[in-house]
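This report describes the packing of a predicted model. The sequence and structure are shown first, and the sections that follow take up selected elements and residues in turn.

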Amino acid sequence: MLFCEFRPEKLMSKADKLTKLSFTRWSADWKTATALFEQAAIGYRMRKDNEKAKEAFEKASKGQEMISSPWDAAKHMESAGALAKDLNRWSEVSDHYRRASELYMECGRSQPASDALAKGARALEDVQPDEAIRLYNDACGILEEDGKEQMAFDLYQAVTSIYIKLEKYIDAATSLLRWGVAADACNAVHSQCKVLSTASSLNGLLNPLRVVQTSI
């Protein structure tokens, strides 16, 4: 552990060499390299060198893909996404969590795939709300396609809240109706009634606005 903590640069250098072909190495040793990338990532993170830790996790994720382990690749990509958030690399936050979601789907795991998108959305709510909305909606879509609508209720609520903060009330009402349809699909009658009631109230608030806009 001390070696990992204080000498991650050497681990990275050794790992990089193992992934490159040469006159003496005719095939890449991704299994060994991936383990070294993982150790380096932990070492950099312990040193709070987030930039290099992120790079190491990205390479560890690629390594896990190369050795046909998409689950571990997804985990490392999520770690890279969290570090990108700490570094204010907002576009990378979205890219990393989306890639993590894709990798989870390769494993046939819709819940973790949706969760990864939701993590990215939560990280972006205040700085890139439109991208957060896209991530939340995609997270909902994954669960809907897998017949797990009830697991998406918190996501519907989150995306609706963003729409309301942005004063996109028609979109908020549409999101609530989508939530209501999902509640119906899983026989959550109480939730369905509550959501549709809220949507109806929101629509009532929109009617005066439509009248004003029409008159203008």
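## Helix 9

In helix 9, the buried residues are Phe 153, Leu 155, Tyr 156, Ala 158, Val 159, Thr 160, Ile 162 and Tyr 163. The helix has 13 residues, which at 1.5 Å a residue should span 18 Å; the C-alpha atoms at its ends lie 19 Å apart, in agreement with that expectation. Just after helix 9, Glu 167 adopts a positive phi of about 60 degrees.

In soluble globular proteins, nonpolar side chains tend to be buried together. In this model the largest nonpolar core holds 37 residues, and the members that touch the most others are Val 93, Tyr 104, Tyr 136, Ala 152, Phe 153, Leu 155 and Tyr 156. Two or more residues of this core come from each of helix 5 (70–86), helix 6 (90–106), helix 7 (110–124), helix 8 (129–145), helix 9 (153–165) and helix 10 (169–185). Helix 8 provides the largest share, with 8 residues.

Ala 152 touches Cys 140 and Leu 143, when residues up to four places away in sequence are not counted.

## Packing of helix 6 against helix 8

Two packed helices are described by the angle between their axes and the distance between the axes. For helix 6 and helix 8, the axes come within 12 Å and cross at roughly 5 degrees. Because angles under 35 degrees count as roughly parallel, helix 6 is roughly parallel to helix 8.

On the side of helix 6, the contact involves Ser 94, Arg 98, Ser 101 and Met 105, while helix 8 contributes Glu 131, Arg 134, Leu 135, Asp 138 and Ile 142.

Glu 78 is located in helix 5. Its relative accessibility is 9%, so Glu 78 counts as buried, the cut-off being under 20%. Apart from neighbours within four places in sequence, Glu 78 is in contact with Tyr 97, Ala 100, Tyr 104, Ala 116 and Lys 119. Of these partners, Tyr 104 is also among the members of the largest nonpolar core that touch the most others.

Asp 16 belongs to helix 2 (residues 8–18). With neighbours within four places in sequence left aside, Asp 16 is in contact with Phe 37 and Lys 59. Asp 16 and Lys 59 are separated by 43 residues in sequence, and their C-alpha atoms are 9.1 Å apart in space.

Technical notes
Residues are numbered from 1 along each chain as its sequence is written. This is a predicted model: local features need pLDDT of at least 70, side-chain atom pairs count only at pLDDT 80 or more; totals for chains, interfaces and linings use all residues. Side-chain values use heavy atoms; hydrogens and water are left out. A nonpolar core is a set of buried Ala, Val, Leu, Ile, Met, Phe, Trp, Tyr and Cys residues joined through side-chain atoms within 4.5 Å. Buried means under 20% relative accessible area, exposed over 50%, partly exposed in between (1.4 Å probe, protein chains only). Helices (H or I, at least four residues) and strands (E, at least two) are DSSP runs, numbered from the N terminus. Contact means heavy atoms within 4.5 Å. The expected span of a helix is 1.5 Å times one less than its number of residues. Axes are lines fitted to C-alpha atoms, for helices over the stretch in contact, and angles run from 0 to 180 degrees between N-to-C directions. Angles under 35 degrees count as roughly parallel, over 145 as roughly antiparallel, 65 to 115 as roughly perpendicular and the rest as oblique.
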